[in-house]
Amino acid sequence: MKENVIEISHLTKSYGKNRGVIDVSLNVKEGDIFGFLGPNGAGKSTTIRSMLGFLKINSGNIRILGMDSVKDHEKILKNVGYMPSEAWFYDSLKVADVIKYAADVRGLNCSEEAGKLCERLKVDTHKKIKQLSLGNRKKVSIVCAMQHRPRLFIFDEPTGGLDPLMQKKFFELINEYVAQGATCLLSTHVLSEVDKYCKNAAIMREGRLTMLDTPHIDDETFLSFYEEEEG
């Protein structure tokens with residue numbers, strides 16, 4: 001029986017008057033590509049940042065790869081490939097330096113894997129970050145998240161800015177790593193991505209989570225979440 005790579009139990013994170021997340025419970029098993037759906041502002045990023053120990057939660061428990069998200073924060077980050085929704089880097093740095101720095105902070109030499117990823121994603125490592133488009137910055141962020149071949153990938157809105165060909169290559173890479181034993185949590189508001197690539201899924205709405213029996217839900221059902229959210 002496959003183990004839980006992510007275990008979230010009754011997570012609550014409040015921002016005062018602003019919405020956070022309320023009583024979220026979620027398990028993701030080893031080898032899964034788990035779709036984390038919901039409109040912008042639904043609480044997906046708050047949940048992810050709580051999982052990684054970047055936010056102090058109000059209540060609940062989170063275990064990642066069998067480790068406590070608070071006590072084992074640094075160990076977890078070494079074994080997770082996290083891609084935030086915003087691809088922020090120092091503009092003056094070269095792409096090659098950014099990728100190497102991401103490996104150095106983990107104390108690893110990832111040059112061989114990084115080279116393969118850059119070739120697959122057509123990343124120009126000689127350019128400076130300030131010369132890159134949003135899509136090309138996203139590709140650098142993907143390389144930084146994948147190059148150390150982590151046990152768990154967490155992607156927060158990863159495909160925004162990527163052209164269709166690069167989106168396809170990105171999901172091909174995910175499938176390859178998962179086939180070799182990794183697990184992936186994919187946070188997105190793009191229904192078609194979850195429908196095509198994910199094995200299981202859940203929807204965040206107004207800070208609360210609803211598990212789905214299947215990731216293959218119809219457009220009318222999913223659109224209703226957006227309409228209620230915007231209303």
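This is a predicted model: local features need pLDDT of at least 70, side-chain atom pairs count only at pLDDT 80 or more; totals for chains, interfaces and linings use all residues.
Local features here need pLDDT of at least 70 and side-chain atom pairs count only at pLDDT 80 or more, while totals for chains, interfaces and linings use all residues. Residues are numbered from 1 along each chain as its sequence is written, and side-chain values use heavy atoms, with hydrogens and water left out.

Me: What share of the 231 residues of the chain counts as buried?
Reply: A residue is buried under 20% relative accessible area, exposed over 50% and partly exposed in between, with a 1.4 Å probe and protein chains only. Of the 231 residues, the share that counts as buried is 47%.

Me: How many salt bridges does the structure hold?
Reply: A salt bridge is a side-chain nitrogen of Lys or Arg within 4 Å of a carboxyl oxygen of Asp or Glu. One of them joins arginine 137 and aspartate 91, with the closest N and O atoms 3.3 Å apart. The number of salt bridges in the structure is 8.

Me: Is arginine 137 buried or exposed?
Reply: Arginine 137 forms a salt bridge with aspartate 91. Aspartate 91 is partly exposed, at 39% relative accessible area. Arginine 137 has a relative accessible area of 15%, and is therefore buried.

Me: Which helix holds both lysine 116 and glutamate 112?
Reply: Helices are DSSP runs (H or I, at least four residues), numbered from the N terminus. Lysine 116 and glutamate 112 form a salt bridge, their closest N and O atoms being 3.8 Å apart. The two residues are 4 apart, about one turn of the helix, and both lie in helix H4.
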